[in-house]
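Good morning, colleagues. Please turn to the display.

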Amino acid sequence: MQRKLFGAAVAAVLTLSLMGASCQNIKEANPLTVACSAVQGQSVDVAVCAFATYGTFVVFEEQAVELARDLKQRADADGTASDVREALTKAKNAIISADEAAKPIADRMNDALQELIEIQAELEVGVTHDQKVQIATANLRRWVNEASPLIQELVNAVKGGNKP
Amino acid sequence: MNWQLLLGLIQTVASVLRDTNVIEGDVAQWADLLSLGATLAERGDDAVEELAALKAQVEAIAERRKTTGEGPTAEERAAWRARSDAAHAELQALKGD
């Protein structure tokens, strides 16, 4: 029994080490750090931040598809114990629920970005006024703030998909 | 650290332990979950590549914004929206038991 546990423990340590390295890499590649963090003396460009936030959402949404597919395949495989199948299905459904919560708000944020860009273009040719741009900017900022925690939930669900 | 080598090692260890019945019962189920962990780690690499590509695109847009004032274009936004719609549809298809 000790030999069995030792083998499982070695595999666990290696897996966790790899996952830790992967998380660090994700942190370094995070597009939000360049788009949504204020540089000294400059304010955040909410249009670029919203674009980066939406893109980040889509990257993890696509990861969610791959992971959910894996979880389903493992759950459906012959010989999978019923409690393991249940845990795998639960993890898959948690990922799908997180996407269902984030998707409509992220899309609204993307629509608000579109509105802001259109209004800014109108301002440049003089067919609208600056106040309209300010309102559209504030509206987009509100959607970014609303979408961000929901996208974070999706990221957490994808990262936690190995712990059903 | 050779990422792919370690990943392969984990999968090999998990499958050998399971296939040779060195582990069984509850512990064999761990092997399935550990193998899943290794898959996720591999996915993490995919995410890093995708995020790095997005970061480069965002930096280019931010630079363009400073020089010409042009923000994300309709095509750039539509491309991400299309990817999201496709991913969402696939997730919906995987829903259920």
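By a helix I shall mean a DSSP run of H or I with at least four residues, numbered from the N terminus. Please bear in mind that this is a predicted model.

In that sense, A:Asp107 and A:Lys103 both belong to helix H4 of chain A, four residues apart, about one turn of the helix. Their side chains form a salt bridge at 3.1 Å, N to O. Both A:Asp107 and A:Lys103 are buried; for A:Lys103 the relative accessible area is 5%.

A:Lys103 also meets the side chain of B:Asp85 in a salt bridge of 2.6 Å, N to O. Because B:Asp85 lies in helix H3 (residues 74–93) of chain B and A:Lys103 in helix H4 of chain A, this pair joins two chains. B:Asp85 is partly exposed, with a relative accessible area of 35%. Salt bridges with shared partners link A:Lys103, A:Asp107, A:Asp111, B:Arg81 and B:Asp85 into one network. Over all chains, the structure holds 15 salt bridges.

Helix H4 also contains A:Lys92 of chain A, which is buried at a relative accessible area of 1%. Among the residues A:Lys92 touches are A:Leu71 and A:Lys72, together with B:Leu94 and B:Asp97.

The crossing of H4(A) past H5(A) is left-handed. The residues of this contact comprise 24 nonpolar, three polar and eight charged.

Methods: Residues are numbered from 1 along each chain as its sequence is written. Chains are lettered from A and ligands numbered from 1 in the order in which they are written. This is a predicted model: local features need pLDDT of at least 70, side-chain atom pairs count only at pLDDT 80 or more; totals for chains, interfaces and linings use all residues. Side-chain values use heavy atoms; hydrogens and water are left out. A crossing is left-handed if the near helix is turned anticlockwise from the far one by less than a right angle, and right-handed if clockwise. Ala, Val, Leu, Ile, Met, Phe, Trp, Tyr, Cys and Pro count as nonpolar, Asp, Glu, Lys and Arg as charged, and the others, Gly among them, as polar. Buried means under 20% relative accessible area, exposed over 50%, partly exposed in between (1.4 Å probe, protein chains only). Contact means heavy atoms within 4.5 Å. A salt bridge is a side-chain nitrogen of Lys or Arg within 4 Å of a carboxyl oxygen of Asp or Glu. Lists of a residue's contacts leave out its neighbours within four places in sequence.
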